Amino acid sequence: MEKYGFGPPSPSTDLDTVLDGADVILHVLPVGATEESIAMLTPRLAADTPVVWAAKGLVPGADALIPEVAATHWQNPSVMLSGPSFADEVALGKPAALV
């Protein structure tokens, strides 16, 4: 890994340490943790750092996908990685994100 300019990750539970110098944020938490994690990230996130959201479903109480909710707090580039949708949800016209 050193030949690529980086070594193994250094785990930490300190959010400031984790975000310091990050080129991209990979956000892998249950969709129910969206509002709390956005509140924690907002004062710390550099304006040009892209965020990759890896979760399935709509944000509880918002009836919106995670990047839509995040966009009300910041304008960072966002990408949504999502799992498969259920056919019955699609057939009922519910919002769905497919990969």
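Asn76 sits in the loop between helix 3 (66-70) and strand 3, where helices (H or I, at least four residues) and strands (E, at least two) are DSSP runs numbered from the N terminus. The model is a predicted one, in which local features need pLDDT of at least 70 and side-chain atom pairs count only at pLDDT 80 or more, whereas totals for chains, interfaces and linings use all residues. Residues are numbered from 1 along each chain as its sequence is written, and side-chain values use heavy atoms, with hydrogens and water left out.

With a relative accessible area of 9%, Asn76 is buried; this term stands for under 20% relative accessible area, with exposed for over 50% and partly exposed for what lies in between (1.4 Å probe, protein chains only). The side chain of Asn76 reaches the backbone oxygen of Ala46 at 2.7 Å. Leaving aside residues up to four places away in sequence, Asn76 touches Leu45, Ala46, Ala47, Asp48 and Thr49, contact being heavy atoms within 4.5 Å.

Three strands form an open sheet in the order 1-2-3, with parallel pairing, two strands being paired if DSSP finds at least two bridges between them. Strand 1 (25-27) and strand 3 (78-81) stand at the edges with a single partner strand each, so one side of each has no neighbour in the sheet. From one strand to the next the twist averages 20°, with axes taken as lines fitted to C-alpha atoms (for helices over the stretch in contact) and angles running from 0 to 180 degrees between N-to-C directions.

Strand 1 and strand 2 pair in the parallel sense over three bridges, and His27 has Trp53 as its bridge partner in strand 2.

## The aromatic pair

Across the whole structure, a search finds one aromatic pair. The rings of Trp53 and Trp74 have their centres 6.3 Å apart and their planes at 10°, so the pair is stacked; rings of Phe, Tyr and Trp (its six-membered ring) pair if their centres lie within 6.5 Å, and planes under 30 degrees apart count as stacked, over 60 as edge-to-face and the rest as tilted. Because Trp53 lies in strand 2 and Trp74 in the loop between helix 3 and strand 3, the pair ties together parts that are 21 residues apart in sequence. Trp53 is buried, with a relative accessible area of 0%, and Trp74 is buried at 9%.

## The salt bridge

The count comes to one salt bridge, defined as a side-chain nitrogen of Lys or Arg within 4 Å of a carboxyl oxygen of Asp or Glu. Arg44 forms a salt bridge with Asp16, and their closest N and O atoms are 2.8 Å apart.

Key: A polar contact is a pair of N or O atoms within 3.5 Å; within protein, one must be able to donate a hydrogen and the other to accept it, and residues adjacent in sequence count only if both atoms are side-chain atoms.
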